[in-house]
Amino acid sequence: MPATVDIRLAAGDRDLDVTPVRLHGAGCALFGHPAPGAAPGFSTGPLVDHGDVVWWRLGWLGAARCPTPTGSVRIGPATRRIVGADVAEWSFAQLAAGPPARAAEVDVLSPLYFSRSGRDHPLPDPVLVVGSLARRWNQWCPVESSLTEDELRALTSSVHLTDLDGRTRTSPVRPGQDQTGFVGRVRFAVPRAAGATTAAAFAALLRFAEIAGVGAQTGHGFGAVRVRLDPR
């Protein structure tokens with residue numbers, strides 16, 4: 001069942017080394033390693049230092065109930081005690097049953113990019129955003145909650161970008177490898193002519209975005225977002 005997992009880590013004397021590879025490794029330690037060649041059943045967000053604690057949000061996509069992390073977690077060379085974790089779950093049916101929306105403001109918290117035929121696209125293209133979310137939705141949801149090809153076609157033909165304020169940022173992935181992606185704020189919308197079904201699909205996928213992340217390597221800390229839906 002999809003869930004957000006907000007973990008509070010004890011602060012330490014040593015800074016956490018938060019390269020994407022180490023974020024992914026920590027996520028695997030908490031939730032399990034994916035099968036070879038398979039995408040992980042979780043997403044990871046950036047670590048946020050609040051002084052006495054470090055906040056870390058992850059998303060859970062598996063069909064089983066999300067486990068509540070306890071004990072400690074190793075991120076690179078540092079092991080931190082988990083002092084608390086809040087798990088909020090929604091079924092795919094609940095995500096789909098929420099009110100429709102005509103617009104969404106999205107805060108992109110960690111670099112977002114898409115991999116297309118071996119080439120990186122570091123911009124929040126609205127068609128790529130909803131397309132990647134729909135593929136991940138259909139990968140993890142029960143059959144009865146799947147988005148149909150007609151529903152996705154109607155959404156991708158109508159969703160558009162109405163505002164953008166941000167920049168690209170390059171982050172080290174591992175020694176000798178960097179990755180560039182978009183960070184900032186972006187606003188997407190669908191017109192009223194698109195119909196209520198399309199507005200409902202748009203809202204469901206954008207709710208899902210906070211859990212699944214957007215774009216490539218969401219299990220490595222890329223594409224973490226916060227979303228505000230506008231029903232108008």
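By class, the residues lining the largest pocket of this predicted model divide into six nonpolar, eight polar and two charged. The pocket has a volume of about 230 Å³. Its lining is made up of 16 residues, and those nearest the centre are Ala39, Pro40, Arg136, Gln217 and Thr218. Helix H3 (residues 126-140) supplies five of the lining residues, the largest share. Serine 132 is also placed in helix H3. With a relative accessible area of 7%, serine 132 is buried. Leaving aside residues up to four places away in sequence, serine 132 is in contact with Phe114, Val214 and Gly215.

Two cavities of 30 Å³ or more were found. The largest cavity holds about 100 Å³ of space. It is lined by 16 residues, with Ser43, Thr44, Gly45, Glu210 and Ala224 closest to its centre. Two or more lining residues come from each of E2, strand E3 (53-60), H5 and E11. The largest share, four residues, belongs to E2. The lining of this cavity consists of six nonpolar, seven polar and three charged residues.

The second largest cavity holds about 60 Å³. Its lining comprises twelve nonpolar residues, with no polar and no charged ones. Among them are Val106, Val108 and Leu112, together with Phe188, Leu206 and Val227. Strand E6 (103-112), strand E10 (177-189), H5 and E11 each give two or more residues to this lining. E6 contributes three, the largest share.

Helix H5 (residues 196-212) contributes to the lining of the largest cavity and to that of the second largest cavity. Of the 17 residues of H5, 13 are buried, and the helix is thus mostly covered.

Strand E11 (residues 225-230) includes aspartate 230. The relative accessible area of aspartate 230 is 11%, which is under the 20% limit, so this residue counts as buried. Apart from residues up to four places away in sequence, aspartate 230 touches Ala101, Arg102, Ala103 and Arg187.

Aromatic side chains were then considered. The count of aromatic pairs is six. In one of them, phenylalanine 31 and phenylalanine 42 are tilted, with 6.0 Å from centre to centre and 50° between the planes. This pair links distant parts of the chain: phenylalanine 31 belongs to helix H1 (residues 20-31) and phenylalanine 42 to strand E2 (residues 42-49), eleven residues apart. Phenylalanine 31 is buried at 13% relative accessibility, and phenylalanine 42 is buried at 2%. Phenylalanine 92 and phenylalanine 208 also pair, with ring centres 5.6 Å apart and planes at 50°; this pair is therefore tilted. Because phenylalanine 92 lies in helix H2 (residues 92-97) and phenylalanine 208 in helix H5, the pair ties together parts that are 116 residues apart in sequence.

Notes
Residues numbered from 1 in each chain as written. Predicted model: local features only at pLDDT ≥ 70, side-chain atom pairs only at ≥ 80, totals over all residues. Heavy atoms only, no water. 1 Å grid on protein atoms, 1.4 Å probe; cavity = no way out; pocket = protein on both sides within 12 Å on 5 of 7 lines; lining within 4 Å. Points joined across faces, edges and corners; volume = space filled by probe spheres on them. Nonpolar A, V, L, I, M, F, W, Y, C, P; charged D, E, K, R; others polar. Phe/Tyr/Trp six-rings, centres within 6.5 Å; stacked < 30°, edge-to-face > 60°. Buried < 20%, exposed > 50% of the residue type's maximum accessible area, 1.4 Å probe, protein only. Contact = heavy atoms within 4.5 Å.
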